[in-house]
Amino acid sequence: MLKNITLGQYFPGDSFIHRLDPRTKLLATVALIAIVFVAQGFSGFLLIAAFVVACAASTGIHLKFLVRGLKPIMFIIIFTFVLNLFFQTEGRELVHWGFIRITDQGLRMASFMAMRLILLVVSSQLLTLTTSPIALTDGLESLFRPLEVIHFPAHEIAMMMSIALRFIPTLMDEADKIMKAQKARGANFETGNLIQRAKAMVPLLVPLFVGAFRRAEDLALAMDARCYRGGAGRTRMKQLKFGVIDAIAAVAMLLLLAGVIALNKLNLF
Amino acid sequence: MKNTIIEARDVCFKYEGASTLAVDHVTLDVAEGEFLAILGRNGSGKSTFAKLLNALQLPTGGSVKVNGITPANEDDCYEVRKSCGMVFQNPDNQIVTTIVEEDCAFGLENLGTPPQEIRSRVDEALHSVGMSEFAQASPSMLSGGQKQRVAVAGVLAMRPRIIVFDESTAMLDPIGRRDVFALARRLNVEEGITIVWITHFMEEAAMADRLVVMDGGRIALEGEPRSVFAQTDRVLKLGLDVPEIMKLAHMLRERGVALPDDIMTVNEMAVALCQLK
């Protein structure tokens, strides 16, 4: 039951996007999100959508993974669509039925919002699907390093994230073991109402927490023994390096931004 | 006489709030290149003593000099830990990262070693413990024995003069146990690394160059494993076992069979028995 939880959703591969420096991918995702908000017309959205679909296709990741990622936020998309549809009352009237009044402006705004949300989710998914959690952590650490001047704990946060990633499978195994042990003693995790089931989790969580604290203590000792003393003066075996492909990606993002701005100016549709 | 690499003088250690000393006036020298086993039951102070060797704990009395340094401040502790690596009991709780080779690099990264040098030393260390093919694997996929070998590689990459194994085989299956012990033995013989092997397994202790038995924070017996185990009565009184074959020899002697005191292997037993008239 606990075995099938996958960590993040990294999809290993060797495509152009897979090989990009994690920092490039992080920055490009932020840029893409900004560009989504720059677009003012359908033509702009179409261009961005075409770009995202092309990126997705180049990674070799099956479309169903991207669509699956949209499911949890489907409700939000529909909700904002409907809200925008009904409450934007300016513009030419299309439908008037009782208190419901739909205008062309409303329809336009609502579609824009829905498309923005979809593009946001799909593009950030492309990031997590093509970047391993550890590369993502390294990228974040390196991007936030300049903020250490103002005492932002970039190294500590990255270290915590990677230790968490390291121990999730270990703790899962432990939870599984404890659960079996409790079941063998007659515990029941599967039936009953919500409150009963939540209560049944207590004998699982208490030993799990105690175990986690013990592990944390051991790990701290082991890190001390290997001369760990924070981020200062630390080097890394794997250096992040920007390469030619990162430059290509940067140019592609700039071209996309230019294209969207041009389409805004042309005001096609 | 070889150089002394660890000099413990009248070392005491008391945990905060405890009424008794966990380590009680221990004086012990370890020679460079020696394979020393420390044997004792739970609570005998052997693990605490191990932490004193690595400056993870500082003695509350007496002194510990490791590789010429008596740690007084944080920088000294750091130096001591550089020359004296440690492999712990629980294989899961000492691996820091999600990829084997990155874990191996952890210590060197902490020391600020240049990246190219880390790379070559990590490859070398993984090769030395026979884990090269798992360099990219996730530690959670490895067996206990393999995880311990990764932990040894992580220590080895830092090129220590001493490695302390603090009950590193206690949580392993027999195959993993044999594996890790053989690895420590090989590092001792081939690389000349001083090994302090802390254990409660007689069979492992019997294979060391020298054996120290701890009880109640003190050194109860010391010497070559052969001569220590020959004092079968005293060892049993300390709540420890002796290797099966020695127990047999002891029982036979009690029944009046004239056997030498220092039989340790089945072979020696067979030879001794055949020489009886």
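The domain assignment of chain A in this predicted model gives two parts: domain 1, made of residues 16-131 + 241-266, and domain 2, residues 152-225. Taken over C-alpha atoms, the centres of domain 1 and domain 2 of chain A lie 38 Å apart.

Strand 1 (residues 93-97) of chain A and strand 2 (residues 100-103) of chain A run antiparallel and are joined by four bridges. Within this pairing, A:His96 stands opposite A:Arg101 of strand 2. Two residues lie between the strands of the hairpin, and A:Gly98 in the turn has a positive phi of about 65 degrees.

A pair of packed helices in chain A may be considered next. Two packed helices are described by the angle between their axes and the distance between the axes. For helix 5 (residues 74-87) and helix 6 (residues 104-130) of chain A, the angle is about 160 degrees and the axes are 8 Å apart. Because angles over 145 degrees count as roughly antiparallel, helix 5 of chain A is roughly antiparallel to helix 6 of chain A. The crossing of helix 5 with helix 6 of chain A is right-handed. On the side of helix 5 of chain A, the contact is made by A:Ile76, A:Ile77, A:Thr80, A:Phe81, A:Asn84 and A:Leu85. Helix 6 of chain A contributes residues including A:Leu107, A:Met113, A:Leu117 and A:Ile118. By class, the contact between these helices of chain A has eleven nonpolar, four polar and no charged residues.

Chain B contains an open sheet of six strands, in the order 5-6-7-3-8-9, with mixed pairing. Its edges are strand 5 (84-87) and strand 9 (218-223) of chain B, each of which pairs on one side only. From one strand to the next, the twist averages 20 degrees. Inside this sheet, strand 6 (residues 162-166) and strand 7 (residues 194-199) of chain B pair in the parallel sense over five bridges. There, B:Ile162 is placed opposite B:Thr194 of strand 7. Helix 2 (residues 74-83) of chain B packs on the sheet and touches strand 5 and strand 6 of chain B; the direction of helix 2 makes about 70 degrees with that of strand 5.

A further open sheet in chain B has three strands in the order 2-1-4, with antiparallel pairing. Strand 2 (23-31) and strand 4 (61-66) of chain B are the edge strands, each pairing on one side only. Neighbouring strands of this sheet are turned by 10 degrees against each other on average, direction ignored. Strand 1 (residues 4-13) and strand 2 of chain B pair in the antiparallel sense over six bridges, and B:Phe13 stands opposite B:Val23 of strand 2.

The axes of helix 10 (residues 244-254) and helix 11 (residues 266-274) of chain B come within 9 Å and cross at roughly 25 degrees. Since angles under 35 degrees count as roughly parallel, helix 10 of chain B is roughly parallel to helix 11 of chain B. Helix 10 of chain B passes helix 11 of chain B in a left-handed crossing. From helix 10 of chain B, B:Ile245, B:Leu248, B:Ala249 and B:Leu252 meet B:Val266, B:Met269 and B:Leu273 of helix 11 of chain B. The residues of this contact divide into seven nonpolar, no polar and no charged.

How values were computed
Residues are numbered from 1 along each chain as its sequence is written. Chains are lettered from A and ligands numbered from 1 in the order in which they are written. This is a predicted model: local features need pLDDT of at least 70, side-chain atom pairs count only at pLDDT 80 or more; totals for chains, interfaces and linings use all residues. Side-chain values use heavy atoms; hydrogens and water are left out. Axes are lines fitted to C-alpha atoms, for helices over the stretch in contact, and angles run from 0 to 180 degrees between N-to-C directions. Angles under 35 degrees count as roughly parallel, over 145 as roughly antiparallel, 65 to 115 as roughly perpendicular and the rest as oblique. A crossing is left-handed if the near helix is turned anticlockwise from the far one by less than a right angle, and right-handed if clockwise. Contact means heavy atoms within 4.5 Å. Ala, Val, Leu, Ile, Met, Phe, Trp, Tyr, Cys and Pro count as nonpolar, Asp, Glu, Lys and Arg as charged, and the others, Gly among them, as polar. Two strands pair if DSSP finds at least two bridges between them. Domain bounds come from an automatic or database domain assignment.
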